[in-house]
Amino acid sequence: MRSPCGRPRCAGWGEELGGWIGHGTGRVTTSAFLMLGEAGPPGRGIWPLVFYPGGGRGGTAEVVFQHLAAREPFADRALRLELLGRLNALEGVSIPEGKLELRPGFRLSSLEKDRDRELLVETLAWFRDRWESRGTA
């Protein structure tokens, strides 16, 4: 299995969707943040997922509902609920609605099949579109 942000798993985030990868500062295990917006002060950027490689355990993706709840347009619970539904469409992902204020995760092995990777890219495009259209409604 490739690293969580190796090609082709995250390539579309920057090339197709206009995002960028922010890396954590862990000394043993680092993380990859799927970012939109600008680096810098809080509120200038947003991220839906953080990938953790997992040190041989396959890794996990953390869905940052807790942080999204404080950032427009995802302060709207209905948008976080839609994101939850889109992620739960991935095979092997079953995040309960009660986690909408937390940072639940799922195994990166859920992205092994082409169809699930396609669904994730569609979900990330939806997320980007909501972010880019914030404040215009």
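W47 is buried, at a relative accessible area of 14% (buried is under 20%, exposed over 50%, partly exposed in between, with a 1.4 Å probe and protein chains only). The model is a predicted one, so to speak of local features takes pLDDT of at least 70 and side-chain atom pairs count only at pLDDT 80 or more, while totals for chains, interfaces and linings use all residues. Residue numbers run from 1 along each chain as its sequence is written, and side-chain values use heavy atoms, with hydrogens and water left out.

On to the rings: there are 3 aromatic pairs here (Phe, Tyr or the six-membered ring of Trp, centres within 6.5 Å; planes under 30 degrees apart are stacked, over 60 edge-to-face, the rest tilted). F33 and W47 make an edge-to-face pair, with 6.1 Å centre to centre and 70 degrees between the planes. F33 sits in strand β2 (residues 32-37) and W47 in the loop between β3 (45-46) and β4 (49-52), so the pair ties together parts 14 residues apart in sequence (strands are DSSP E runs of at least two residues, helices H or I runs of at least four, numbered from the N terminus). F33 itself is partly exposed, at 23% relative accessibility.

F74 and F127, by contrast, are stacked, 4.4 Å centre to centre with 10 degrees between the planes. F74 lies in the loop between α2 (65-68) and α3 (77-88) and F127 in helix α4 (residues 114-132), so this pair links parts 53 residues apart in sequence. F74 is buried at 0%, and F127 is buried at 0% too. Together with W126, F74 and F127 form one aromatic cluster.
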